[in-house]
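Please look at the sequence and the structure before reading on.

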Amino acid sequence: MNEKEISEIRRRFRHDKSNIQKIRGCYVNEKKEIISCFDQSITMMSAEETEEIFAILKKTLSGTLGKNLLDIPFTNNQVLGSDEHQLLTTLKNSSLSDDKAVNDIISIIKESLVFDGNYMILLTADTYDVPSYSSDGTKKDESTSVYSYILCSICPVKMTKPALSYYVPENRFKNVTPDWIISSPELGFLFPAFDGRTANIYNTLYYSKNISDNHGEVIEALFKSEPPMSAAEQKQSFQTLLHDTVSDACSYEVVKSVHEKLNEMIEEHKALKDPDPLVISKNTVEDVLQSCGIDESRINDFGEKFDAAFGSKAEITPFNIIDTKQFEVKIPDISIKLSPAAAERMETKVIDGQKYILIRADGTVEVNGVEISIS
């Protein structure tokens, strides 16, 4: 799925747009015990309550593609006859009316999920008459396809803190007692994916709020698929790979050049307004290393280790391996953060055998808010 397709489905989660009829699921405590199950009709909820639950659900379709939103593919064999794919298909085709299928997926999530605290498993189903458009962008009167899907959101349930409030009807202050509230989803998924604005039963769009932990145990249990490397793991692996292969030639200029090149690609992609996510291959980084004058043997070593770490045909999103908003330099007890544009003002030097980091001080210089002079 690309950004436009995700946005199109997100817009479904409104009281006046959705065909969602009910919310099913359960409440699980910290001991993995199901406290209660529910099958809540949307028609029994007020418009305000409906909008609030929809606001929570659609956050399962938020975040960055390749970082928070991950593509989980199914093999041909899985689609043709696996238990995991059949379970999802039954849930979709029955619009969550199959009690056994609902209980089965709740059981799989509950038994596999590693999570501290209470949480809710929310399941909903929708049928979308996908509108078609003419070549000039005009919306046609009739849709050409129907997209039926299920959405699962797993939301922490947290206790609020006691607080003092002002109660207007009684014109007085009063204590607000602690209560349990549903938080934004920690993880979830959409099945089937909405690729090319139509159903793709070979893919699931998986959501993880935490880029350091995508709850691979749930991916393995639900989809029988090897969990993709998390965004945080990709960043750490790439940094280690770059250092280990370039070795003593891994200078400030090399790292800065890699960062600048990837940043340029991101900005160009934004300018083109391409809805498909930007990805890079090992060849992208190898070209940058070559432009920095890195020895061919080291570049080859980088390519081999990239294949071993990420896969021979891997493509990764640059958002996962660089911070587009800042450039950070660390030594023990000191951390220097610069905007990418300011990275040019910094250099490294060896003076009298001692390593130094030098930053050109343009304009005024302040220390703890006090402007100082440098002479």
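The model is predicted: local features need pLDDT of at least 70 and side-chain atom pairs count only at pLDDT 80 or more, while totals for chains, interfaces and linings use all residues. Residues are numbered from 1 along each chain as its sequence is written, and side-chain values use heavy atoms, with hydrogens and water left out.

Two packed helices are described by the angle between their axes and the distance between the axes. Helix α8 (residues 252-272) packs with helix α9 (residues 282-291) at about 130°, and their axes are 10 Å apart. Axes are lines fitted to C-alpha atoms, for helices over the stretch in contact, and angles run from 0 to 180 degrees between N-to-C directions. Helices (H or I, at least four residues) and strands (E, at least two) are DSSP runs, numbered from the N terminus.

## Helices α5 and α6

Helix α5 (residues 99-112) and helix α6 (residues 216-223) pack at an angle of about 150°, with axes 9 Å apart. In the contact (heavy atoms within 4.5 Å), α5 contributes Ile-105, Ile-108, Ile-109 and Ser-112, and α6 contributes Glu-217, Val-218, Ala-221 and Leu-222.

## Salt bridges

Side chains of opposite charge can pair when their charged atoms come close. A salt bridge is a side-chain nitrogen of Lys or Arg within 4 Å of a carboxyl oxygen of Asp or Glu, and by this rule the count comes to 17.

One of these joins Glu-8 and Arg-197, at 2.7 Å from N to O. The pair links distant parts of the chain, 189 residues apart: Glu-8 is in helix α1 (residues 3-10), and Arg-197 is in the loop between β10 (193-195) and β11 (198-200). Glu-8 counts as buried because its relative accessibility is 10%, whereas Arg-197, at 25%, counts as partly exposed. Here buried means under 20% relative accessible area, exposed over 50%, and partly exposed in between (1.4 Å probe, protein chains only).

Asp-104 and Lys-100 also form a salt bridge, at 2.8 Å from N to O. Both residues lie in helix α5, four residues apart, about one turn of the helix. Asp-104 is partly exposed at 29%, and Lys-100 is exposed at 58%.
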